[in-house]
Amino acid sequence: MAEFESKLPVSGGKNHVFEACHHVVKALRASDNNLDANLRKLLSDLESHLSTFGIADTKVEDAGFSEIKERFKEAVKKICSWETNQSTILEAGLSAANQFFQALYEVQSVLVGFKAFPIKTNPKEKDVYNQATVALDIAMLRLEKELRDVLHQHKQHVQPEYLAVSSHRKDIVYDESFVSLDDEVVVEASSHEDDEQISDFYNSDLLDPIVLPHIKAIANTMFACEYDQPFCEAFIIVQREALDEYMVTLEMERFSCVDVLKMDWEDLNGAMRKWTRVVKIITQVYLTSEKQLCEEILGDFESISTACFIEISKDTVLSLLNFGEAVALRSCKPEMLERFLSMYEVSAEILVDVDNLFPDETGSFLRIAFHDLSKKLADHTTATFLKFKYAIASDESTRPFHGGGIHHLTRYVMNYLKLLPEYTDTLNSLLQNIHIDDSIPEKTGEDVLASTFSPMARHLRSIVTTMESSLERKAQLYADEALKSIFLMNNFRYMVQKVKGSELRHLFGDEWIRKHIASYQRNVTNYERSTWSSILALLTDNNNSVKSLRERCRLFSLAFDDVYKNQTRWSVPDPELRDDLHISTSVKVVQSYRGFLGRNAVRIGEKHIRYTCEDIENMLLDLFECSPSPRSLLSSRRR
């Protein structure tokens with residue numbers, strides 16, 4: 001009996017419900033005269049219980065209906081009072097919220113009663129039913145507005161400084177002559193340094209936790225009243241708009257495939273940098289928190305929670321996927337290597353997060369799309385890396401590089417390679433199955449680092465070997481053997497310094513460094529021999545006649561003038577190397593000249609001696625400064 005009573009509406013529709021129960025009792029008795037004694041007792045008790053409500057008494061019936069109607073009218077009035085109220089029920093306080101939900105319960109009870117049992121079609125009942133239906137619609141619209149307002153007013157904002165796409169070095173720009181990447185451009189700074197900031201927000205609340213019970217109460221109420229679709233639509237719209245706003249805060253635009261393919265490198269580079277950071281924040285922070293919010297609010301309706309989350313996130317996720325897909329359609333140009341490495345590395349890193357976000361069949365299309373994109377980026381990154389080496393091998397010159405200085409190719413390649421140790425694990429993974437010839441045979445021992453013979457290390461050394469071959473060809477363009485040696489010395493020294501002064505030293509290894517130090521030192525020796533051997537030969541005592549001594553002194557001065565005129569326009573950019581050359585040359589030349597004059601100055605005669613030893617020593621310091629206007633020779637001559 002108690003169970004049966006619990007199914008009856010609490011207040012509304014008592015009269016017709018009770019009369020319906022009388023009909024049930026009479027019908028049962030008329031149809032079966034052999035009912036079990038217990039059932040007969042139950043029916044008897046039920047009839048007796050119902051009779052206490054005075055249903056047989058028309059006056060009492062009218063009085064009971066009037067009481068229900070009054071309570072119902074109060075409930076409708078309470079609900080309608082919120083129809084034009086612009087404040088939220090949450091702001092009105094707990095008491096007002098309880099009154100609203102109690103009034104809604106009264107109205108819903110009436111409707112449940114009408115739907116559950118046969119009813120009379122008298123005007124009074126029709127009027128109550130219609131009023132209840134209208135009141136319920138008003139209440140649901142008010143709760144839908146409440147949902148939107150509370151979600152808007154109580155969303156949590158991530159601090160902007162944690163969202164900015166930071167930059168720690170200038171962007172790389174590539175052209176066919178490799179002139180864009182100079183020393184000051186490269187600052188070894190990890191792109192992973194923002195990870196700690198991102199991890200701080202793994203459990204960021206997108207909504208103030210204090211309002212979650214209120215939102216959940218709205219959800220449960222609307223679902224109980226079969227208004228689940230309006231709830232979901234409102235919830236999805238508000239949360240999708242919040243995600244769109246978040247993307248605007250991150251300054252990540254939505255580009256079409258055509259837009260990406262038409263972008264110039266400067267714009268594309270910036271967009272790729274942003275994508276790399278934004279896709280991590282969205283998958284690891286925002287969507288993780290969004291899914292948690294959906295589960296907290298709609299956890300009792302698991303499939304609906306999943307469906308809402310996918311609807312909220314899919315547009316933004318697809319826009320990020322589409323950008324990555326479009327970038328992977330671009331040609332494999334060397335300047336894109338670092339950006340591709342970053343994009344691939346992040347795409348591989350977030351796959352676990354994506355799998356957790358979309359584990360079900362409903363979201364499988366997004367999960368599969370992320371895995372496909374990561375594979376495409378891996379292939380494209382590998383192709384770009386290999387094409388970088390091909391671009392170096394294809395770089396040819398028709399004229400010698402001015403002054404024998406450090407060639408643009410050398411600067412570009414070495415500074416670019418300095419950026420790559422940051423991606424060691426990624427490159428080792430991508431290159432592990434690609435065989436390459438290595439200039440350094442593999443060795444083992446306690447003093448040999450394993451990283452020296454990793455796939456990445458072998459490929460980097462191979463790239464430099466390709467560059468060295470290109471430099472050797474460029475050196476052949478010089479007619480002057482001494483300048484050829486200066487050119488090779490400068491460039492090999494530059495390579496060694498870049499490797500020794502960066503993380504590249506762990507990849508190239510000590511043997512490579514020793515080998516290349518010996519190489520540029522040989523070029524120093526070759527320079528000194530080709531420049532000074534024939535000149536210093538004039539200062540030997542082969543023929544000591546006065547005429548011969550004076551002629552040799554004159555020829556030495558002319559040869560020195562020629563060296564001075566040419567080599568003050570040559571370049572040795574490394575100050576330490578330039579000082580070493582000055583010292584080495586000065587020791588050989590000044591010492592030989594001083595000995596020659598010491599032995600023969602009197603016989604030659606002062607007027608036939610063009611330079612003093614001090615003149616020669618000072619003028620040698622002008623060499624390799626690459627000055628367009630070297631100091632006038634006359635200013636150094638003795639008057």
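Mentor: Start with helix H12, residues 265-298, which bends by about 40 degrees at Ile282. The bend is the angle between two fitted axes, one for the seven residues ending there and one for the seven starting there. H12 is mostly covered, with 26 of its 34 residues buried. Buried means under 20% relative accessible area, exposed over 50%, and partly exposed in between (1.4 Å probe, protein chains only).

First, the ground rules. This is a predicted model, in which local features need pLDDT of at least 70, side-chain atom pairs count only at pLDDT 80 or more, and totals for chains, interfaces and linings use all residues. Residues are numbered from 1 along each chain as its sequence is written, and side-chain values use heavy atoms, leaving out hydrogens and water.

Now the wider picture. The protein has 24 helices and zero strands. Both are DSSP runs numbered from the N terminus: helices are H or I, at least four residues, and strands are E, at least two. Of its 639 residues, 48% count as buried. Take contacts between residues at least 6 apart in sequence: 80% of these join residues at least 24 apart. A contact is heavy atoms within 4.5 Å.

Next, a helix pair. Helix H10 (residues 228-249) and helix H13 (residues 302-327) have axes that come within 10 Å and cross at roughly 30 degrees. H10 is therefore roughly parallel to H13. Under 35 degrees is roughly parallel, over 145 roughly antiparallel, 65 to 115 roughly perpendicular, the rest oblique. The crossing of H10 and H13 is right-handed. Where do they meet? From H10, the residues include Cys232, Phe235, Arg240 and Met247. From H13, they include Ile304, Cys308, Glu311 and Leu320.

Glu251 sits in the loop between H10 and helix H11 (257-262). Its phi is near 60 degrees, positive in a residue other than glycine. Most residues other than glycine have a negative phi. Phe624 also has a positive phi, near 70 degrees. Phe624 is in the segment after helix H24 (613-620). With a relative accessible area of 2%, Phe624 is buried.

Asn523 lies in helix H21, residues 505-537. At 8% relative accessibility, Asn523 counts as buried. Beyond neighbours within four places in sequence, Asn523 is in contact with Ser485, Leu488 and Met489. Asn600 lies in helix H23, residues 575-604. Its relative accessible area is 4%, so Asn600 is buried. Again setting aside neighbours within four places, Asn600 is in contact with Asp541 and Leu549. Asn600 and Asp541 are 59 residues apart in sequence, yet 9.5 Å apart in space, C-alpha to C-alpha.

Last, confidence. pLDDT is the predictor's confidence in each residue, from 0 to 100. The protein averages 80, and 74% of the residues score at least 70. Confidence is lowest in helix H1 (residues 2-6), at a mean of 34, and highest in helix H20 (residues 481-500), at 97. Over residues 184-193 the pLDDT is below 50, and this stretch has 23 contacts in the model beyond near neighbours in sequence. Residues 632-639 also stay under 50, with 17 contacts beyond four places in sequence. Where pLDDT is low, the predicted coordinates should not be read in detail.

Notes:
Axes fitted to C-alpha atoms, helices over the stretch in contact; angles between N-to-C directions. Left-handed = near helix turned anticlockwise from the far one by under 90°.
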